[in-house]
Amino acid sequence: MDIGREPIEENDDAAPLEMLAQLFEAHGWPCEFVNDDEVCGEVQGSWTTYQLRGIWRPEDRVLQLICLPEIRVPEAKRKHAHELLALINEQLWLGRFDIWSNGGVLLYRHGLMLGDGLLGLSTGQLAVESAVAECDRFYPAFQFVLWGDKRPREALEAALVDAAGEA
């Protein structure tokens, strides 16, 4: 990855994205700047490769992480998928799952309010690891609803039992 940017300074509005890009680079994950306020990369999870986007809102000092597990929810399955989302989101401490109304794309999102400080590599690492872990944890439940025709509660129970049994 050649990010081609100047060194990070504390008052630099792009600093959180720079730190996120450095985190990706340190792990050997491909990433690129989409524009001045967004960086996009790929992270290999247990089930699939996730697209991870960092979107910086300098006016609010918020970095939003969006993790996309490459799942599209067909219109016919949206009711059950939304029910599953509600069951899953009840269990999350940070972040939440959503389905974009335009295109039915499943995503996990989490916002980091940074105040006046910089995003440290350890904070960024934890946020990225958390996003990937939650996507991995619930990926099978979405598959059970979308392709296995299980009811949402049944899919969630089956997914969590299966995950607990992995070594």
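Good morning. A polar contact of 2.4 Å joins the side chains of E38 and R53. Please bear in mind throughout that the model is predicted.

Let me stay with E38 for a moment. Strand 2, residues 38-44, contains E38. Is E38 buried or exposed? Its relative accessible area is 14%; buried means under 20%, so E38 is buried. Leaving aside residues up to four places away in sequence, E38 touches L17, E32, F33, R53, G54 and I55.

How does the span of helix 1 compare with expectation? Helix 1 covers residues 15-27, and at 1.5 Å a residue its 13 residues should span 18 Å. The end C-alpha atoms are 19 Å apart, which agrees. Just after helix 1, G28 takes a positive phi of about 75°.

I turn now to I88, which lies in helix 2, residues 78-89. The relative accessibility of I88 is 0%, so I88 counts as buried. Which residues does I88 touch, not counting those up to four places away in sequence? They are F97, F138, F142 and L156. Finally, I88 and E134 are 46 residues apart along the chain, and their C-alpha atoms are separated by 9.7 Å.

Thank you for your attention.

Key. Residues are numbered from 1 along each chain as its sequence is written. This is a predicted model: local features need pLDDT of at least 70, side-chain atom pairs count only at pLDDT 80 or more; totals for chains, interfaces and linings use all residues. Side-chain values use heavy atoms; hydrogens and water are left out. Helices (H or I, at least four residues) and strands (E, at least two) are DSSP runs, numbered from the N terminus. Buried means under 20% relative accessible area, exposed over 50%, partly exposed in between (1.4 Å probe, protein chains only). A polar contact is a pair of N or O atoms within 3.5 Å; within protein, one must be able to donate a hydrogen and the other to accept it, and residues adjacent in sequence count only if both atoms are side-chain atoms. Contact means heavy atoms within 4.5 Å. The expected span of a helix is 1.5 Å times one less than its number of residues.
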